[in-house]
Amino acid sequence: MKKADPGRIEKHLKELNAFNSTPECGTTRVVFTDVELKGREYVKGIMRGTGLAVKEDSIGNVFATLPGSDPSLAPVWTGSHIDTVLCGGMFDGMAGVFGGIEALRLIRESGIKHKRDISAVVYTSEEPTRFQVSCLGSRAMAGDLTLEDTKGISDKDGNTLYDVLCRLGYDMGRFGEIKRGPGSVYAAVELHVEQNRRLEDDGRKIGIVKAICAPTNFDVIVTGVQSHAGGTSMEARRDAYMAACELALILEKLARENTESEYTTATVGRVKVSPGSVNAIPGRCEFSVDIRDVDFESKRKLTERFLSECAAVELRRGVSVSHVMHNQDIPLRCSEEISGIIEKYVKTAGLPYEKMISGPYHDSMFVGRFAPVGMIFVPSRNGISHSPEEWTDFAEIAAGTDVLAETLAELANR
Ligand code: GLV
Ligand code: MN
Ligand code: MN
Ligand code: MN
């Protein structure tokens, strides 16, 4: 097999990175905004230039296919996403998109015969940046986001996903075709940056993912009494923000002390304090909760414990606490068979590697509901991601791409 070209991967990543709504602060490419739509067109152009046939479904998942010799067989997929968090980096998602396209190029240019079609997929909106719900494209493939659901989720300006898709000309009459059943995809392999510092700390070049942690996401709304910061004594006040702070610390403690699973995290990432005056006690505080776990039952119990603490804080502080649940996703075990194939090629390449759990989620988590999946991680400098500081050397992405290409070629001949 020919080797991936780090220069080409660098060029594509940097050119796509020009489609960025915050050039002053990392990369922001939010789904179905002007820059993201232009980014999509750029990626489709690269796919066509690589000799791949491009198709798109009704939620904007893009497929670029290298045809195999037996169209009756289920295809092999690779792919990732091109949308980002606010002020994120240029690798999370994009490394797997261009690594995937490059892998297909290597297979074609090396003249490797394969029975199954191999597709490079760009999944729509892995990040929840715009609609609060993650993995829109792969979630719909798994049947976890229906046409009806698209009418119930909206962005901060009140545009529903349904309306946005209609405005862009996607055919809602064909929404049902997005969903994939078991057996419809033979295997899927995603290349991604690690977003942690284990590979770097351990001096390894490749991570083989054993399991993907899944998030539970909800918003907590604390309502207290807005009143005068000086006039209201410490005893009399019912401060929504302080109650929220207490809850955030309780959440952190629950996650730190959770012994029921191998990997648990909990994050309060967004806080809105109202009215937001220096001299008024906040009457309302809303905050987001993100709980991740590699074990669903452990996550369910932790969520339950936290919600019962909400009731306790309500009583103690004389505030009211409610929550709006967004998603309670299911962690995924990667296919041992695919991981074994990845491992074989990593060993052949002489790359130091380790097996690991992914704390971040990925589209593979949903693809894994209808197909066996594997994931290949490449190092993240200082472990940083979802930040302008995110970095992976292009040669490291190329090394992961070589392993990906070998793995896809083998799977496509099974
Ligand atoms: C998505 O990138 C996530 O893992 O939060
Ligand atoms: Mn991300
Ligand atoms: Mn990602
Ligand atoms: Mn992610």
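Okay, one term to start: two residues are in contact if their C-beta atoms, placed from the backbone, lie within 7 Å. What you see above is a predicted model, where local features need pLDDT of at least 70, side-chain atom pairs count only at pLDDT 80 or more, and totals for chains, interfaces and linings use all residues. Residues are numbered from 1 along each chain as its sequence is written, while chains are lettered from A and ligands numbered from 1 in the order in which they are written.

So, where does UniProt put the "binding site"? Its unreviewed entry lists D92, E127 and H386, in the numbering used here, and such annotations may be inferred rather than shown by experiment. These three span 295 residues in sequence, yet no two of their C-alpha atoms are more than 10.2 Å apart, so they gather at one spot.

Let's look at D92. You'll find D92 in the loop between β3 (76-80) and α3 (94-109); helices (H or I, at least four residues) and strands (E, at least two) are DSSP runs, numbered from the N terminus. Is D92 buried or exposed? It's buried, with 28 other C-beta atoms within 10 Å. The cut-offs: 20 or more is buried, 12 or fewer is exposed, and in between is partly exposed. Skipping neighbours within four places in sequence, the contacts of D92 include T84, Q195 and H386.

Now H386, which sits in the loop between β16 (373-378) and α12 (394-411). H386 has 18 C-beta neighbours inside 10 Å, so it counts as partly exposed.

Last stop, α3: 14 of its 16 residues are buried, so α3 is largely enclosed by the rest of the structure.
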